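Keep the sequence and the 3D view open as you read.

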Amino acid sequence: MSSLGRASALIGAGTLISRVTGLLRTIVLVGVIGSVSAGAADAFAIANQLPNNVFSLISVGVLTAVIIPQIVKAAADADGGNAFISKLFTLGTVVLVVITGAATVASPWLVGLYAGKDASSEFLALATAFAYWCMPQILFYGLYALLGEALNARRIFGPFTWAPVVNNIVSIVGFLIIGALFGGPLTRISDWTPEMIAALGGTATLGILIQAAILLIFWRRTGLALRPDFRWRGVGLGTVGKLAGWTFLMALASLIAGLIQTQILIEAAGKGASVATFQYAWLIFMLPYSIIVLSIG
(Lines give C-alpha, C1' and ligand atoms only; values in the text may rest on other atoms or scores of the structure.)
Protein backbone atom coordinates (compact mmCIF):
# COMPACT_ATOMS: atom_id res chain seq x y z
CA MET A 1 0.00 0.00 0.00
CA SER A 2 1.33 3.48 -0.87
CA SER A 3 2.15 6.00 1.84
CA LEU A 4 -0.90 8.01 0.74
CA GLY A 5 -3.09 4.93 1.03
CA ARG A 6 -1.74 4.10 4.49
CA ALA A 7 -2.28 7.66 5.65
CA SER A 8 -5.85 7.69 4.33
CA ALA A 9 -6.59 4.33 5.99
CA LEU A 10 -5.15 5.56 9.29
CA ILE A 11 -7.17 8.78 9.17
CA GLY A 12 -10.31 6.98 8.01
CA ALA A 13 -10.07 4.43 10.84
CA GLY A 14 -9.39 7.13 13.40
CA THR A 15 -12.30 9.21 12.15
CA LEU A 16 -14.62 6.20 12.20
CA ILE A 17 -13.71 5.26 15.78
CA SER A 18 -13.87 8.92 16.80
CA ARG A 19 -17.41 9.19 15.40
CA VAL A 20 -18.49 5.92 17.02
CA THR A 21 -17.16 6.98 20.42
CA GLY A 22 -18.70 10.40 19.79
CA LEU A 23 -22.04 8.67 19.28
CA LEU A 24 -21.57 6.78 22.57
CA ARG A 25 -20.68 10.08 24.23
CA THR A 26 -23.91 11.58 22.96
CA ILE A 27 -25.96 8.60 24.17
CA VAL A 28 -24.50 9.01 27.67
CA LEU A 29 -25.07 12.78 27.51
CA VAL A 30 -28.74 12.23 26.61
CA GLY A 31 -29.01 10.07 29.72
CA VAL A 32 -27.85 13.07 31.77
CA ILE A 33 -29.71 16.00 30.16
CA GLY A 34 -32.28 14.42 27.84
CA SER A 35 -33.10 15.34 24.25
CA VAL A 36 -36.67 15.97 23.12
CA SER A 37 -38.63 18.47 25.26
CA ALA A 38 -35.54 19.07 27.39
CA GLY A 39 -34.87 22.74 28.03
CA ALA A 40 -31.59 21.98 29.81
CA ALA A 41 -30.33 19.97 26.83
CA ASP A 42 -31.12 22.83 24.46
CA ALA A 43 -29.37 25.33 26.74
CA PHE A 44 -26.24 23.17 26.87
CA ALA A 45 -26.41 22.54 23.11
CA ILE A 46 -26.26 26.27 22.39
CA ALA A 47 -23.52 26.94 24.95
CA ASN A 48 -21.33 24.04 23.87
CA GLN A 49 -21.73 24.95 20.19
CA LEU A 50 -20.67 28.58 20.66
CA PRO A 51 -16.92 27.88 20.96
CA ASN A 52 -17.16 25.69 17.86
CA ASN A 53 -18.84 28.50 15.96
CA VAL A 54 -16.28 31.10 17.02
CA PHE A 55 -13.41 28.75 16.27
CA SER A 56 -14.85 27.86 12.84
CA LEU A 57 -14.10 31.41 11.72
CA ILE A 58 -10.47 30.87 12.66
CA SER A 59 -10.25 27.30 11.37
CA VAL A 60 -11.95 27.59 7.99
CA GLY A 61 -11.00 31.19 7.42
CA VAL A 62 -7.32 30.98 8.31
CA LEU A 63 -5.93 27.61 9.44
CA THR A 64 -7.18 25.10 6.90
CA ALA A 65 -7.09 27.26 3.79
CA VAL A 66 -4.05 29.44 4.47
CA ILE A 67 -1.75 28.62 7.38
CA ILE A 68 -1.33 24.90 6.73
CA PRO A 69 0.01 25.44 3.18
CA GLN A 70 2.34 28.05 4.65
CA ILE A 71 3.63 25.49 7.17
CA VAL A 72 4.25 22.98 4.39
CA LYS A 73 6.04 25.64 2.34
CA ALA A 74 8.18 26.64 5.33
CA ALA A 75 9.44 23.07 5.62
CA ALA A 76 11.66 23.81 2.61
CA ASP A 77 13.50 26.56 4.49
CA ALA A 78 17.07 26.02 5.58
CA ASP A 79 16.00 25.57 9.21
CA GLY A 80 13.16 23.21 8.31
CA GLY A 81 10.59 25.89 9.08
CA ASN A 82 11.54 26.34 12.73
CA ALA A 83 11.63 30.13 12.67
CA PHE A 84 8.39 30.58 10.76
CA ILE A 85 6.44 28.00 12.76
CA SER A 86 7.66 29.41 16.09
CA LYS A 87 6.52 32.88 15.06
CA LEU A 88 3.24 31.48 13.76
CA PHE A 89 2.54 29.51 16.93
CA THR A 90 3.38 32.51 19.12
CA LEU A 91 1.07 34.76 17.13
CA GLY A 92 -1.63 32.09 16.98
CA THR A 93 -1.55 31.53 20.75
CA VAL A 94 -1.77 35.26 21.48
CA VAL A 95 -4.70 35.66 19.07
CA LEU A 96 -6.48 32.62 20.52
CA VAL A 97 -6.09 33.89 24.10
CA VAL A 98 -7.48 37.30 23.13
CA ILE A 99 -10.41 35.83 21.18
CA THR A 100 -11.20 33.36 23.97
CA GLY A 101 -11.20 36.13 26.56
CA ALA A 102 -13.38 38.38 24.42
CA ALA A 103 -15.83 35.57 23.63
CA THR A 104 -16.08 34.63 27.30
CA VAL A 105 -16.90 38.20 28.30
CA ALA A 106 -19.43 38.36 25.45
CA SER A 107 -21.09 35.06 26.44
CA PRO A 108 -24.39 36.64 27.56
CA TRP A 109 -24.66 38.58 24.30
CA LEU A 110 -23.76 35.55 22.14
CA VAL A 111 -26.25 33.33 23.95
CA GLY A 112 -28.93 35.98 23.54
CA LEU A 113 -28.10 36.29 19.85
CA TYR A 114 -28.54 32.57 19.23
CA ALA A 115 -31.46 32.05 21.59
CA GLY A 116 -33.46 34.95 20.19
CA LYS A 117 -35.70 37.48 21.89
CA ASP A 118 -38.40 34.98 22.85
CA ALA A 119 -36.23 32.80 25.11
CA SER A 120 -37.10 32.88 28.79
CA SER A 121 -34.79 34.49 31.33
CA GLU A 122 -34.27 31.10 33.02
CA PHE A 123 -33.20 29.54 29.72
CA LEU A 124 -30.80 32.40 28.98
CA ALA A 125 -29.31 32.21 32.48
CA LEU A 126 -28.62 28.47 32.24
CA ALA A 127 -27.22 28.69 28.71
CA THR A 128 -24.97 31.59 29.72
CA ALA A 129 -23.70 29.72 32.78
CA PHE A 130 -22.83 26.75 30.56
CA ALA A 131 -21.18 29.10 28.05
CA TYR A 132 -18.81 30.51 30.66
CA TRP A 133 -17.50 26.98 31.23
CA CYS A 134 -17.39 26.07 27.54
CA MET A 135 -15.76 29.17 26.02
CA PRO A 136 -12.18 28.17 26.98
CA GLN A 137 -12.61 25.42 24.41
CA ILE A 138 -11.78 28.04 21.74
CA LEU A 139 -8.19 28.20 22.98
CA PHE A 140 -7.84 24.43 23.21
CA TYR A 141 -9.45 23.84 19.80
CA GLY A 142 -7.04 26.34 18.32
CA LEU A 143 -3.95 24.79 19.88
CA TYR A 144 -5.17 21.35 18.81
CA ALA A 145 -5.54 22.58 15.24
CA LEU A 146 -2.15 24.32 15.14
CA LEU A 147 -0.29 21.37 16.64
CA GLY A 148 -2.22 18.77 14.68
CA GLU A 149 -1.90 20.42 11.29
CA ALA A 150 1.81 20.96 11.85
CA LEU A 151 2.10 17.23 12.58
CA ASN A 152 0.12 16.48 9.42
CA ALA A 153 2.40 18.74 7.38
CA ARG A 154 5.28 16.59 8.63
CA ARG A 155 3.37 13.45 7.55
CA ILE A 156 2.61 12.45 11.14
CA PHE A 157 -1.10 11.80 10.61
CA GLY A 158 -2.19 9.52 13.43
CA PRO A 159 -2.21 11.74 16.57
CA PHE A 160 -4.38 14.50 15.07
CA THR A 161 -7.01 11.98 13.99
CA TRP A 162 -7.02 9.75 17.07
CA ALA A 163 -6.83 12.43 19.80
CA PRO A 164 -10.61 13.10 19.61
CA VAL A 165 -11.16 9.48 20.65
CA VAL A 166 -9.48 10.27 23.98
CA ASN A 167 -11.63 13.38 24.28
CA ASN A 168 -14.74 11.27 23.80
CA ILE A 169 -13.61 8.72 26.39
CA VAL A 170 -12.90 11.47 28.94
CA SER A 171 -16.34 12.96 28.29
CA ILE A 172 -18.08 9.58 28.57
CA VAL A 173 -16.45 8.89 31.93
CA GLY A 174 -17.24 12.40 33.15
CA PHE A 175 -20.88 12.22 32.06
CA LEU A 176 -21.30 8.82 33.71
CA ILE A 177 -19.95 10.25 36.96
CA ILE A 178 -22.34 13.20 36.73
CA GLY A 179 -25.23 10.82 36.14
CA ALA A 180 -24.19 8.70 39.11
CA LEU A 181 -23.88 11.74 41.39
CA PHE A 182 -26.92 13.75 40.34
CA GLY A 183 -29.22 11.29 38.57
CA GLY A 184 -30.91 11.92 35.27
CA PRO A 185 -32.11 12.78 32.82
CA LEU A 186 -32.15 16.30 34.26
CA THR A 187 -34.28 17.87 31.54
CA ARG A 188 -35.81 20.80 33.39
CA ILE A 189 -33.91 24.05 33.70
CA SER A 190 -34.86 24.27 37.37
CA ASP A 191 -33.07 20.96 38.03
CA TRP A 192 -29.63 22.51 37.57
CA THR A 193 -27.47 23.85 40.40
CA PRO A 194 -24.14 25.73 40.01
CA GLU A 195 -22.24 22.57 41.00
CA MET A 196 -23.99 20.52 38.31
CA ILE A 197 -23.40 23.22 35.69
CA ALA A 198 -19.70 23.31 36.58
CA ALA A 199 -19.45 19.52 36.41
CA LEU A 200 -21.03 19.25 32.95
CA GLY A 201 -19.40 22.31 31.39
CA GLY A 202 -16.06 21.50 32.98
CA THR A 203 -16.14 17.93 31.71
CA ALA A 204 -16.85 19.06 28.14
CA THR A 205 -13.97 21.55 28.23
CA LEU A 206 -11.56 19.14 29.97
CA GLY A 207 -11.97 16.70 27.09
CA ILE A 208 -10.90 19.35 24.56
CA LEU A 209 -7.93 20.36 26.73
CA ILE A 210 -6.69 16.76 26.91
CA GLN A 211 -7.29 16.35 23.17
CA ALA A 212 -4.86 19.21 22.51
CA ALA A 213 -2.34 18.21 25.19
CA ILE A 214 -1.95 14.70 23.77
CA LEU A 215 -0.45 16.11 20.58
CA LEU A 216 2.46 17.56 22.54
CA ILE A 217 3.59 14.00 23.30
CA PHE A 218 4.23 13.45 19.58
CA TRP A 219 5.77 16.84 18.84
CA ARG A 220 9.35 15.56 19.13
CA ARG A 221 8.78 13.50 15.99
CA THR A 222 8.47 16.70 13.93
CA GLY A 223 12.06 17.66 14.62
CA LEU A 224 10.90 21.21 15.34
CA ALA A 225 11.74 23.20 18.45
CA LEU A 226 8.99 25.67 19.31
CA ARG A 227 10.11 28.85 21.03
CA PRO A 228 8.14 31.99 21.87
CA ASP A 229 8.98 34.52 19.15
CA PHE A 230 7.20 37.88 19.03
CA ARG A 231 9.15 39.21 16.05
CA TRP A 232 6.37 38.78 13.53
CA ARG A 233 7.55 41.20 10.85
CA GLY A 234 9.32 39.96 7.77
CA VAL A 235 8.03 36.40 7.69
CA GLY A 236 5.13 36.85 5.27
CA LEU A 237 2.33 36.90 7.83
CA GLY A 238 0.84 39.89 6.04
CA THR A 239 0.36 37.70 2.98
CA VAL A 240 -1.35 35.11 5.17
CA GLY A 241 -3.82 37.79 6.28
CA LYS A 242 -4.65 38.80 2.71
CA LEU A 243 -5.18 35.20 1.59
CA ALA A 244 -7.49 34.55 4.51
CA GLY A 245 -9.99 37.21 3.51
CA TRP A 246 -12.18 35.26 1.08
CA THR A 247 -12.18 32.03 3.08
CA PHE A 248 -13.08 34.03 6.18
CA LEU A 249 -16.10 35.48 4.40
CA MET A 250 -17.16 31.98 3.35
CA ALA A 251 -16.97 30.79 6.96
CA LEU A 252 -18.90 33.86 8.11
CA ALA A 253 -21.70 33.15 5.62
CA SER A 254 -21.96 29.58 6.91
CA LEU A 255 -22.04 30.86 10.49
CA ILE A 256 -24.89 33.25 9.72
CA ALA A 257 -26.88 30.38 8.19
CA GLY A 258 -26.32 28.35 11.37
CA LEU A 259 -27.42 31.31 13.49
CA ILE A 260 -30.74 31.61 11.63
CA GLN A 261 -31.21 27.86 11.86
CA THR A 262 -30.69 27.89 15.64
CA GLN A 263 -33.07 30.81 16.11
CA ILE A 264 -35.77 28.81 14.32
CA LEU A 265 -35.08 25.62 16.27
CA ILE A 266 -35.02 27.36 19.62
CA GLU A 267 -38.74 28.13 19.36
CA ALA A 268 -39.35 24.47 20.25
CA ALA A 269 -36.93 24.43 23.20
CA GLY A 270 -38.41 22.54 26.12
CA LYS A 271 -41.52 21.69 24.07
CA GLY A 272 -40.33 19.20 21.46
CA ALA A 273 -37.37 18.34 19.22
CA SER A 274 -35.15 21.43 19.20
CA VAL A 275 -31.46 22.40 19.11
CA ALA A 276 -30.09 19.41 21.02
CA THR A 277 -32.07 16.87 19.00
CA PHE A 278 -30.96 18.49 15.76
CA GLN A 279 -27.30 18.34 16.80
CA TYR A 280 -27.61 14.67 17.69
CA ALA A 281 -29.17 13.90 14.28
CA TRP A 282 -26.49 15.93 12.50
CA LEU A 283 -23.77 13.88 14.22
CA ILE A 284 -25.14 10.72 12.60
CA PHE A 285 -25.83 12.36 9.25
CA MET A 286 -22.25 13.66 8.90
CA LEU A 287 -20.51 10.34 9.60
CA PRO A 288 -20.01 9.26 5.93
CA TYR A 289 -18.84 12.74 4.97
CA SER A 290 -16.36 12.86 7.84
CA ILE A 291 -14.77 9.53 7.02
CA ILE A 292 -14.44 10.09 3.28
CA VAL A 293 -13.70 13.81 2.97
CA LEU A 294 -11.38 14.14 5.96
CA SER A 295 -9.32 11.18 4.75
CA ILE A 296 -8.94 12.68 1.27
CA GLY A 297 -8.32 16.18 2.64
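Start with Thr161, which lies in helix 7, residues 158-182. Keep in mind that the model is predicted.

**Thr161**
- Thr161 has a relative accessible area of 10%. Thr161 is therefore buried, as the cut-off is under 20%.
- Setting aside neighbours within four places in sequence, Thr161 is in contact with Leu10, Ile11, Gly14 and Thr15.

**Helix 3**
- Helix 3 covers residues 82-105, which makes 24 residues.
- From first C-alpha to last, helix 3 reaches 35 Å. That is close to the 34 Å expected at 1.5 Å a residue.
- The buried residues of helix 3 include Asn82, Phe84, Ile85, Ser86, Lys87, Leu88, Phe89 and Thr90. Gly92, Leu96, Thr100 and Ala103 are also among them.

**Helices 4 and 5**
- Helix 4 spans residues 107-115, and helix 5 spans residues 121-134.
- How do the two helices pack? Their angle is about 130°, and their axes are 9 Å apart.
- That angle makes helix 4 oblique to helix 5.
- The crossing of helix 4 and helix 5 is right-handed.
- Helix 4 makes the contact through Ser107, Pro108, Val111, Gly112 and Ala115.
- Helix 5 contributes Phe123, Leu124, Ala127, Thr128, Ala131 and Tyr132.
- Residues of this contact divide into 8 nonpolar, 3 polar and no charged.

Key:
Residues are numbered from 1 along each chain as its sequence is written. This is a predicted model: local features need pLDDT of at least 70, side-chain atom pairs count only at pLDDT 80 or more; totals for chains, interfaces and linings use all residues. Side-chain values use heavy atoms; hydrogens and water are left out. Helices (H or I, at least four residues) and strands (E, at least two) are DSSP runs, numbered from the N terminus. The expected span of a helix is 1.5 Å times one less than its number of residues. Buried means under 20% relative accessible area, exposed over 50%, partly exposed in between (1.4 Å probe, protein chains only). Contact means heavy atoms within 4.5 Å. Axes are lines fitted to C-alpha atoms, for helices over the stretch in contact, and angles run from 0 to 180 degrees between N-to-C directions. Angles under 35 degrees count as roughly parallel, over 145 as roughly antiparallel, 65 to 115 as roughly perpendicular and the rest as oblique. A crossing is left-handed if the near helix is turned anticlockwise from the far one by less than a right angle, and right-handed if clockwise. Ala, Val, Leu, Ile, Met, Phe, Trp, Tyr, Cys and Pro count as nonpolar, Asp, Glu, Lys and Arg as charged, and the others, Gly among them, as polar.
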